Amino acid sequence: MTWNNIQKNVKDGVATVTINRPKALNALNYDTLKEMLHCFEEIGASRDIHAVIITGSGEKAFVAGADISFMGDFEAIEAREFGKLGHQVMAVVENLPQPVIAAVNGFALGGGCELALACDMRLASENAKFGQPEVNLGVLPGFGGTQRLPRLVGKGHAAELLFSGKIIDAEEACRIGLVNRVTAPEKLLEECSALAEMIAVKAPVAVRLCKEAVNNGLEMDLTRGCGYEADLFGICFASKDQKEGMKAFLEKRSPQFAGK
Ligand code: CAA
């Protein structure tokens with residue numbers, strides 16, 4: 001399937017989704033969000049995709065936010081519907097069974113920062129810039145920023161970004177834990193691909209359950225979270241991958257995982 005505002009490429013079990021509206025710095029309008037929803041649902045249903053990279057087209061932006069020209073004249077009900085669509089997309093990204101890496105290659109502002117926050121991991125190029133500048137526009141973040149940012153970086157750092165609308169560079173984003181690491185711009189996709197490929201050859205059932213344990217466990221207290229982990233640990237023993245992984249170790253060879 002081809003889309004007008006995004007591209008999807010799949011290679012060696014890794015899907016790369018590129019938001020492709022460079023003239024608007026990849027801003028998210030209704031059509032783009034709808035295409036993303038469809039694309040990520042398709043990826044989520046695939047048993048052959050084991051990791052996902054999301055990036056932006058061009059050298060300047062990951063995603064510069066929700067599309068301001070599209071939103072400017074909204075009535076309240078339209079704005080609410082648009083916000084709900086954005087939330088739906090972020091939830092689909094967050095809950096994809098496969099791990100998702102944001103390759104942040106420039107501005108990640110507003111809805112762009114929120115898209116990066118919905119991913120499991122964020123790698124940034126040295127020219128990346130992060131922020132939730134919505135307060136400059138008379139609104140608050142509408143695609144989950146007030147919720148996911150404090151959960152990731154803590155209330156104090158999140159409050160500073162959310163209330164001031166300030167934009168920070170990649171180095172500061174790394175310092176506060178908003179990104180995993182920073183690379184030279186020309187190395188970003190290479191680094192993300194290397195990480196995605198490292199994940200893609202691991203036991204798929206275990207990786208998917210691991211993501212479930214992290215995401216759902218964060219909503220639980222430690223005792224329940226550990227109980228949940230024990231349940232998922234048990235489920236792994238119903239998979240062929242567990243038999244193969246442990247047998248291969250004992251036979252001193254590389255495992256051949258079937259994802260079952
Ligand atoms: N929506 C629509 N168009 C956008 C856009 C956005 N979020 N961000 C950039 N663009 C467009 C610009 O309008 C411009 O278009 P034209 O060439 O047709 O004029 C083009 O992209 C290039 O942008 P600039 O000329 O502004 O480039 P710059 O290098 O001077 O500045 C920038 C770059 C600092 C990112 C600046 O474009 C900017 O501040 N963009 C808006 C960032 C923002 O406020 N994002 C939050 C949006 S609201 C939101 O996301 C709400 C939510 O949570 C859901």
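Visitor: In what order do the six strands of the open sheet run?

Guide: The model is predicted; local features need pLDDT of at least 70, side-chain atom pairs count only at pLDDT 80 or more, and totals for chains, interfaces and linings use all residues. Residues are numbered from 1 along each chain as its sequence is written, and side-chain values use heavy atoms, without hydrogens and water. Strands here are DSSP runs of E with at least two residues, and helices are runs of H or I with at least four, numbered from the N terminus; two strands pair if DSSP finds at least two bridges between them. The pairing in this open sheet is mixed, and the order is S1-S2-S3-S5-S7-S10.

Visitor: Which are the edge strands of this sheet?

Guide: An edge strand pairs on one side only. The two that do so are strand S1 (6-11) and strand S10 (181-183).

Visitor: Which residue in S7 stands opposite Val104?

Guide: Strand S5 (residues 100-104) and strand S7 (residues 121-125) are paired in the parallel sense over four bridges. Opposite Val104 stands Ala124.

Visitor: What angle does the direction of helix H1 make with that of S1?

Guide: Helix H1 (residues 30-44) packs on the sheet and touches S1, strand S2 (14-19) and strand S3 (51-56), contact meaning heavy atoms within 4.5 Å. Axes are lines fitted to C-alpha atoms, for helices over the stretch in contact, and angles run from 0 to 180 degrees between N-to-C directions. For H1 and S1 the angle is about 20°.

Visitor: In the sheet of four strands, which residue in S6 is the bridge partner of Ala61?

Guide: This open sheet has the order S4-S6-S8-S9 with mixed pairing. S4 and S6 pair in the parallel sense over two bridges. The partner of Ala61 is Phe107.

Visitor: Which elements each supply at least two residues of the shell around the ligand?

Guide: The ligand is surrounded by 22 residues, a residue being near if one of its heavy atoms lies within 4 Å. The shell divides into 13 nonpolar, four polar and five charged residues; Ala, Val, Leu, Ile, Met, Phe, Trp, Tyr, Cys and Pro count as nonpolar, Asp, Glu, Lys and Arg as charged, and the others, Gly among them, as polar. The elements are helix H2 (68-71), strand S6 (107-109) and helix H4 (111-118).

Visitor: How far is a polar side-chain atom of Glu134 from an oxygen atom of the ligand?

Guide: Polar contacts are pairs of N or O atoms within 3.5 Å; within protein, one must be able to donate a hydrogen and the other to accept it, and residues adjacent in sequence count only if both atoms are side-chain atoms. An N or O atom in the side chain of Lys60 is 2.6 Å from a ligand oxygen atom. For Glu134, the distance is 2.6 Å.
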